[in-house]
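Dear colleague,

Here is the structure I said I would pass on. My notes on a few places in it follow below.

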Amino acid sequence: MKRVLASLCLLGLFLHALTQCTFPASDFQLDGDYMLGGVFDIHHSDTTYHDRPEAMDCSSRPLVLSSYRKFQLMRFSVEEINNSTSLLPNVSLGYDIFDHCSDTHNFPGIFKLLSVDGMIQPWSKEPKSVSKVIALVGPFSSTQVLTVAPLFMMDLIPMVSYGASFSALGDKEKFPSFLRTVHSNKNMIDVIVQIVQHFNWRWVAFLHSDDIFGEDGRDVFIKRIRDTEICLAYTAVLNAQTNYSLLFKQIEAQRIHIIVVFTPKMTAEDVIRSAIKLNVTNKVWIAGDNWSLNKRLHKEKGINNIGTVLGVSQPVVTIPGFSDFIYSSRKKTRCKNAKQNVFCNQGCNCSSLTPEEILTVDPSFNFPVYSAVYAIAHALHNTLQCGVDQCNGNITVHPYMVLAELKKSNFTLLNQRIHFYGNGDPQFGSYSIVFWNHSGDVEDIGYYRFQPSVHFHIDDANIQWYTKGEVPTSLCSPECDVGFAKKQDGIHKCCFNCHICKKETYINITEDPYKCISCKETEWSEPGSTSCALRLVEYVPFTDSAAMMIMVAAGVLVGLTLAMSALFAINFNTPVVRSAGGPMCFLIFSCLSLCSLSVFFYFGKPTTSSCILRFLPFLLFYTVCLACFVVRSFQIVCVFKMAAKFPMLHSWWMKYHGQWLLITVAFVAQALLLLFGYIFGPPKPYNETLEYPDKIILGCDINLNAFSGPVILLLLLCSLCFIFSYMGKDLPKNYNEAKAITFCLLLLILTWVLFATEYLLYHGKYIQTLNALAVLSSLYSFLLWYFLPKCYIIIFQPHRNTNEYFQGLIQKYTKTMSQ
């Protein structure tokens with residue numbers, strides 16, 4: 001109870017002090033229709049121990065020039081918005097800005113922002129009036145936000161921080177009205193890890209500040225590198241009591257060359273100055289965005305001796321008009337007597353500052369301040385339902401209404417689309433990757449962009465390494481030679497011994513660099529191998545030049561059959577088409593096209609389906625083709641010879657359509673034989689390992705017993721066709737159907753004899769190509785030497801395609817035979 005009363009008394013004293021404060025016109029205040037709160041750590045934090053309560057006077061502390069620049073940038077942003085004709089027309093923004101130089105002693109300013117008419121109204125009562133403060137810009141650090149955020153969260157007053165990156169601030173259950181215009185520590189650590197991985201550094205030290213920001217960065221870093229090859233060799237908390245001499249001795253003892261310094265600017269300055277003083281050399285320092293653009297530090301004497309400094313920074317965005325604002329504001333500054341006339345940390349020791357000093361200071365976080373103010377202004381613009389010329393003045397604006405519009409922000413500012421994720425993090429922006437050169441300047445050497453997708457880039461050539469050219473290394477143990485496995489030495493995976501893998505084993509460092517893997521029975525390896533000596537797996541891919549030519553030829557064959565079919569259809573009733581087979585020609589054309597499908601399955605990696613289709617279309621439909629030519633050969637002989645000698649046989653043949661009956665029987669018989677063959681011994685993928693000890697030839701295994709029936713049937717048809725066609729060899733010279741069939745069959749026999757010979761002598765992968773070529777040759781033999789001459793007569797010698805011409809040939813032949 002006493003503690004409660006004491007707290008209430010302290011609150012009363014703060015409020016009483018606030019009611020007594022009178023603020024002269026100053027840079028810290030501006031009247032307006034709607035007020036923005038601002039919190040900036042313009043002066044250094046007071047770390048002095050006090051044994052009794054004392055009022056905090058920030059202006060007595062040293063000035064933080066970069067924070068003062070951010071403070072002026074908020075003023076400039078508000079002035080620019082007030083001068084705008086499109087954003088908040090006829091509505092003025094004001095501000096009440098406080099210097100926040102302590103995490104625990106600056107509550108009077110916060111209470112002032114929350115108060116109405118000098119009073120803070122209990123949440124249990126309906127407020128009689130509404131504070132003009134609709135949102136707060138700031139604070140900068142995560143610790144400052146955590147200190148004051150609960151006071152703003154209860155009433156859902158928007159807090160838009162321009163520097164707080166603590167990851168947990170994205171938790172909307174705890175911080176429902178918090179947003180920020182900088183990315184969280186998670187994003188910053190992602191960039192740092194990307195840099196470390198880019199240069200293949202694995203042995204890293206991580207130094208962090210003794211606050212929420214630093215501890216969160218360390219935790220995120222440890223989590224981020226968990227599944228990488230990076231090891232956290234050393235980590236330390238930095239504060240006022242840090243013994244830097246001992247710290248650097250421990251880093252040196254562990255041979256660590258990469259040091260990540262994840263601290264605020266003041267702590268980073270202590271680290272780097274201590275490194276210079278203690279003559280720490282040959283290190284790569286990776287700076288966070290808080291100090292990577294510290295213009296004072298990278299001009300320190302001896303900075304080039306400590307090694308190479310890389311950094312991740314907020315991108316430097318030029319804000320138009322800001323320089324003119326600084327020059328004009330310095331001419332009419334009222335800071336000269338500010339210390340005597342202002343109260344509640346709204347004063348500064350800035351009267352002696354020149355515009356050049358302000359404009360040349362570290363520009364980090366300037367755009368986050370600028371975008372924070374504009375985001376609030378756009379949210380207020382939408383809340384007031386502003387049009388082109390005016391806003392709706394009848395709307396009573398509450399902070400939670402502005403918050404709702406803030407979360408829906410979507411506008412363009414200096415060519416960047418400003419909008420937020422659901423957790424209040426920015427959905428815009430990027431990081432610059434910088435390098436401190438030997439001239440004392442900071443160079444941009446890369447970037448890390450978030451939108452529209454993550455893109456990381458570093459220009460290595462622009463970095464001047466302390467190693468005089470080569471990228472430094474940072475390893476606990478040197479990488480093992482090829483063929484050696486690691487054996488962990490100690491607790492870190494980056495520290496190990498190396499031992500060679502014995503014969504019959506190999507090492508796969510991408511799978512498991514710590515284990516030698518045994519080879520399979522069909523494999524072998526020499527000691528120190530990175531893989532077993534697998535036999536070379538070979539097959540003819542679709543991209544093989546010969547395979548592509550054969551497949552193109554198969555396509556051409558299909559095209560020719562279609563063209564010839566059309567030509568024969570147009571000239572269907574002509575003697576040449578009838579003598580070639582009439583309607584049977586179209587069946588042959590169809591079967592030749594279907595046979596060509598087999599060619600495409602001889603290439604690529606064999607599968608069960610491809611092995612089946614490699615043989616099925618050719619065996620089945622080529623049977624029909626041969627049956628057609630058997631019938632055609634028989635008919636030629638029958639017409640000219642057998643009709644006169646065996647009239648009954650000829651009559652029976654014509655009456656029952658013997659030619660179609662024979663073709664059907666041949667087709668059905670072959671289909672049944674193939675069905676039995678595929679049931680009892682289907683073709684399947686096969687690895688040929690006997691012929692070549694260092695190769696595996698992928699092919700298809702055929703059960704010769706199961707497929708002997710289809711082959712015998714083909715040979716039988718081929719023999720009958722050859723016999724009948726040979727019997728008609730003495731037919732008229734110009735009537736050469738039988739001769740053409742005989743010639744085609746001779747080509748067919750020659751093709752397969754050559755293939756069989758090659759098959760006995762050669763067992764490499766190109767036997768598949770030769771097989772496909774034999775199939776294609778079998779198809780082209782009939783297409784080119786039987787049908788193509790017919791097409792030639794139809795197109796170029798139409799006088800030979802008449803009934804009179806054919807009747808004359810027959811009469812002449814009959815007269816010759818009778819003599």
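Please keep in mind that this is a predicted model.

I started with S184, which sits in the loop that joins β6 (178-180) to α5 (185-198). Its relative accessibility is 7%, so S184 counts as buried, the cut-off being under 20%. Leaving out residues up to four places away in sequence, S184 touches S165, S167, D425 and Y431.

The second residue I looked at is G217, which is part of helix α6 (residues 212-224). G217 has a relative accessibility of 0% and therefore also counts as buried. Setting aside neighbours within four places in sequence, the residues in contact with G217 are N185, I189, F206 and F262. G217 and K186 are 31 residues apart along the chain, and 7.6 Å separates their C-alpha atoms.

The last item is a pair of helices, α16 (residues 583-595) and α22 (residues 767-796). Their axes come within 10 Å and cross at roughly 150 degrees. The crossing of α16 past α22 is left-handed. On the α16 side, the residues that meet α22 are C585, I588, F589, L592 and C595; on the α22 side, they are L779, L783 and F787. Sorted by type, the residues of this contact between α16 and α22 come out as eight nonpolar, no polar and no charged.

Regards

Key: Residues are numbered from 1 along each chain as its sequence is written. This is a predicted model: local features need pLDDT of at least 70, side-chain atom pairs count only at pLDDT 80 or more; totals for chains, interfaces and linings use all residues. Side-chain values use heavy atoms; hydrogens and water are left out. Helices (H or I, at least four residues) and strands (E, at least two) are DSSP runs, numbered from the N terminus. Buried means under 20% relative accessible area, exposed over 50%, partly exposed in between (1.4 Å probe, protein chains only). Contact means heavy atoms within 4.5 Å. Axes are lines fitted to C-alpha atoms, for helices over the stretch in contact, and angles run from 0 to 180 degrees between N-to-C directions. A crossing is left-handed if the near helix is turned anticlockwise from the far one by less than a right angle, and right-handed if clockwise. Ala, Val, Leu, Ile, Met, Phe, Trp, Tyr, Cys and Pro count as nonpolar, Asp, Glu, Lys and Arg as charged, and the others, Gly among them, as polar.
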